[in-house]
Amino acid sequence: MGRNIIADIITSIRNADINKKERVRILSTNITKNIVKILLREGFIKNVRKHQESKKKFLVSTLRYRKIRKENKINLKCISRPGLRIYSNYKRIIKILGGIGIIIISTSRGIMTDKEAKLEKIGGEILYYIW
């Protein structure tokens, strides 16, 4: 069986968030680099640096905690999975919490947020929600 890299990212961030860890180490691939860039741009991650152990490359990300109702929490929900892919065109992409959250979408032009996909008028596979 292959690995679900997207689920690994979500699990790593969720576990670090639950345990109040400041840093998350994620295996470096093209997909993870693009997702981490989006999370950095949207403000869920403070910074990213590259790290190498033996022959494996990692991205070490520092989480940004926001004070909402005395909770420091990043909410993630995986939508597509290897057994059930969820696709949507740009007209049917929903808003998360009235536009506060974001949807990460894998399109033919790369991985992007729901707002970018609507601007470019392209749909794709909905990977996960984050708010």
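Of the 131 residues of the protein, 37% count as buried, where buried means under 20% relative accessible area, exposed over 50%, and partly exposed in between (1.4 Å probe, protein chains only). The model is predicted: local features need pLDDT of at least 70, side-chain atom pairs count only at pLDDT 80 or more, and totals for chains, interfaces and linings use all residues. Residues are numbered from 1 along each chain as its sequence is written, and side-chain values use heavy atoms, with hydrogens and water left out.

The secondary structure comprises three helices and eight strands; helices (H or I, at least four residues) and strands (E, at least two) are DSSP runs, numbered from the N terminus. Along the sequence these elements follow the pattern α-β-α-β-β-β-β-β-β-α-β. The radius of gyration, 15 Å, is close to the 14 Å that the globule rule gives for 131 residues, so the protein is as compact as a globular protein of that length. This radius is taken over C-alpha atoms, and the globule rule is 2.2 Å times the number of residues to the power 0.38. Among contacts (heavy atoms within 4.5 Å) between residues at least 6 apart in sequence, 58% join residues at least 24 apart.

The interior may be considered next. In soluble globular proteins, nonpolar side chains tend to be buried together. A nonpolar core is here a set of buried Ala, Val, Leu, Ile, Met, Phe, Trp, Tyr and Cys residues joined through side-chain atoms within 4.5 Å. The largest such core has 23 residues, of which I35, L39, I104, Y128 and I130 touch the most other members. Two or more residues each come from α1 (5-18), β1 (23-27), α2 (30-42), β3 (56-63), β6 (102-107) and β8 (124-130), and α1 gives the most, with five residues. A second, separate core of 10 residues includes I79, I96, I105 and I126.

After α1 comes K20, which lies in the loop between α1 and β1. Most residues other than glycine have a negative phi. K20, although not a glycine, has a positive phi of about 55°, and at 56% relative accessibility it counts as exposed. L97, in the loop between β5 (87-88) and β6, likewise has a positive phi, near 50°. At 53% relative accessibility, L97 counts as exposed.

Among the strands, β6 and β7 (residues 110-113) run antiparallel and are joined by four bridges; two strands pair if DSSP finds at least two bridges between them. A hairpin connects β6 to β7 through two residues, and the bridge partner of I105 in β7 is M112.

Strand β3 contains V60, which counts as buried at 9% relative accessibility. V60 touches R23, V24, R25, N47, V48, R49 and H51, not counting residues up to four places away in sequence. The C-alpha atoms of V60 and N47, 13 residues apart along the chain, are separated by 8.4 Å.
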